[in-house]
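Here are a few notes to read with the model open beside you.

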Amino acid sequence: MDFVILSLVMLAVGIYGLLTNRQLLKVFISVELIATAATLNFVILASAAGVGLGEAFLILAFSTDTAISGVILALLVIVAKKYGTSDISKIVQLIQDKDESEVEA
Amino acid sequence: MILEDVSSWLVWILPLIASLFVPLIAKYSAKARNYFAVAISVITAGLALSLVPGVFFGSGEATSTSVAWITGISAGVFIDPLSVLFTTLVAFFGLIIAIYSLGYMKGEEGLTRYYFLLLLFIGSMIGLVISDNLIQMFIFWEMVGLCSYALISFWYKRPESVRAGTKVFIMTRIGDIALLAAIGILFTMFGTFSFHGIINGIQTAATAGTLDTGLLVIAAFLVLGGAIAKSAQLPLFTWLYSAMEAPTSVSALLHAATMVKAGIYLLARFILIFSVAPVLIAALQPLWFPVVTWIGVLTAIIGATLALTTTDIKGVLAYSTISQIGFMMAGLGTAVEGAASIGWFASLFHMISHAFFEGLGFLLAGGIIHAIGTRDMRLMGGLKKTMPISFILMAIMIITTSGLPPFAAFFSKGLIITSVTDAGNLIQIILLYATTAITFAYSVRMFSLVFMGKESEHLKKQHVHEAPKVMLIPAMILAGLCIVWGLAEPLVASFMHVSLETSLLGAFTNLETPIFLSLLIPTGLIAYYSYYKNYQGVRNIAAGKNPLTTILSHGYFFDDVYGGIARGISNVSDGVRRFEGMISLFPQKFASTIIHLANEVHVYLDVYADKSLDKLINVLANKTLTGVSKMKKAPSTSLRNYIAAAVLGFILIAILIILTIGV
């Protein structure tokens, strides 16, 4: 039960971080927190049910999560390099400005 | 039997695996890649067709084969009339679209990605309808969503496409969560994901009298939520209009066979599952079934009215799909006896006729967009001369859409109207009839705007040409099916192992037909005179500003509300972020204040303490000197005043002292 609460807390922190942060890296960390919370929840319940499936799932989830993280980090680097900032609201502003200028052109 | 076993597995595994080979083959030759995709679609369609005889001549009972996948979860195929009907439709449409894409997507960039996603889309949709358990189905359900997201934003360099794709992904995701919750409830109740297991579980619990119908009703509503988001029904229908940013071939596939039809499949499947226990149906009857019908009816009329106002040729078709799927939902809402009721068969039959006429509409719209490079109907007109074949095919399409006899939708829509009439809610019946009338009006409007009248200025500038053969032939096949499909009704009924009370001839002679046809006349005439004869009366009202046009031009404000919600969340998070910023600054401010104070004290001690005494004396002396010199210079009256003030002050102080001491 404690671990379920832990995973809930992680989920809450992740959502909070997702809502309040504008830095790409911080957003990414929040997403990872949520994903880990979900995995943790899965594993806890599987171990409570006494099924070996949880361990198998853990390994699967970690490996896919790592692969996804790699891709996301690469994308973050590209985005940060392209726009020269890692602030999401600024990037959105830049994209919108570009759209508008294209429409005008 | 063995052949069927093999083909029931291959029909979804083959496109999925073949999709992985598309990038490999593209390395050698682009042409080989295109024809490879077509070849795979042909084989898939063949495999799907090979399943048909077994079901047609079989008993209609569901058979399933499965293999162990993960402990407790198996992977399998579920063969019954419903799944084979959908499989055949999807495979057939995959073939049509693969051939059409050869012409429509010619010369586009990123075709490897396109064909990869197309095969993946077809494979996952077939996998969705043929899965024998909920987990497998859910995985394919998500894959369908992913593929449609990727295909809708296929032209990823256009910001609108990317935005549309994201919108589709987020809106359908709401339904996915509901479906996942329903799967969770069903698993906790019956301890299994497989359809057979759940059916057995419901039956056993129902006979033992221990069935928790309350929980199952909640699960049924969650399933409905999943279907609403996927099938673009009220209140989550706005994504389908945005999805028009997709290439038209993708739109055709999305509307006719995959994605939006997944919701209909889901509901039809769950109505079959729920109908095994009369207790459960009795629990669903007061609330769940009416809600399904109401959603269907309201979506039908809202979609139809919106189709009247949009100026985007694909937008008309998109709203038309929303409206037609509303019809199917309305039919499913009356299917209180499962497969035995007319509504169930009617909506599936209409699902297929809709696939034919809507697919045809999109293929033709694709040809038109291909030829003149715009989707705005105001820039079209007079295409009758330059695109004669498309003109004839589009005429077939709008006749079928409107449900005029003897084309496909006349029979299927008639069956739905019959089933809703039998259910007997007068408002629903009136709304459905109104929708059929409006359907005719928007069809005529689209037809007139695109093909009739004079050539617009936009068209005069360019050389308009008829669509190439590779795009027209798939459209012709669909047009042929539109014409004959309605007559196949008895065949389809016996394929579905459903006994129909009404015959083909009965569709002409029953009471609904004259009402239905007479309703088409006024709206048809209005649309005819407004757009065909260019009579300005109605058009001026439609162009003017009044409450009705405001509501319609805003799409009943659904998107505005969603935008408001999104902005609200964003504002709250902004507020929280600022608050957090303030709080995190607080310790810093506090510390900095203390440091500042300490610094001040230090400086004071260091600098002032030494000299302060000297300074004080100096200051006092100076002040006295300046005061005295001022007094010297001052005129005598003011000196007297000073003295008077000093005396007064002294007296006041004396009084105060006396009062306080109390002498």
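1. Pro235(B) sits in the loop that runs between helix H8 (213-230) and helix H9 (238-242) of chain B; helices here are DSSP runs of H or I with at least four residues, numbered from the N terminus. The peptide bond joining Leu234(B) to Pro235(B) is cis, with omega about -5°. Most peptide bonds are trans, for comparison.

2. A word on the ground rules: this is a predicted model, in which local features need pLDDT of at least 70 and side-chain atom pairs count only at pLDDT 80 or more, while totals for chains, interfaces and linings use all residues. Residues are numbered from 1 along each chain as its sequence is written, chains are lettered from A and ligands numbered from 1 in the order in which they are written, and side-chain values use heavy atoms, with hydrogens and water left out.

3. The loop between H8 and H9 of chain B also holds Ala232(B). Ala232(B) is not a glycine, yet its phi is positive, about 55°.

4. Now to where the chains meet. Eleven residues of chain B are in contact (heavy atoms within 4.5 Å) with seven residues of chain A. The buried area, meaning the accessible area (1.4 Å probe) that the two parts lose on being put together, summed over both, is about 780 Å², and carbon and sulfur atoms give 56% of that. Ser573(B), Arg577(B) and Glu580(B) supply 48% of the area that chain B buries against chain A, more than any other three residues.

5. Which side chains meet in a salt bridge? They are Asp574(B) and Arg22(A), at 2.7 Å, N to O; the term covers a side-chain nitrogen of Lys or Arg within 4 Å of a carboxyl oxygen of Asp or Glu. The count between chain B and chain A is one salt bridge. Helix H6 (159-190) and helix H27 (558-633) of chain B each supply at least two residues of the side that touches chain A, and H27(B) gives the largest share, seven residues.

6. Last, Glu32(A), in helix H2 (residues 24-49) of chain A. Glu32(A) is buried yet has no salt bridge, and the nearest side chain of opposite charge, Arg173(B), is 14 Å away.

How values were computed
Buried < 20%, exposed > 50% of the residue type's maximum accessible area, 1.4 Å probe, protein only. Lys, Arg positive; Asp, Glu negative; His and termini not counted.
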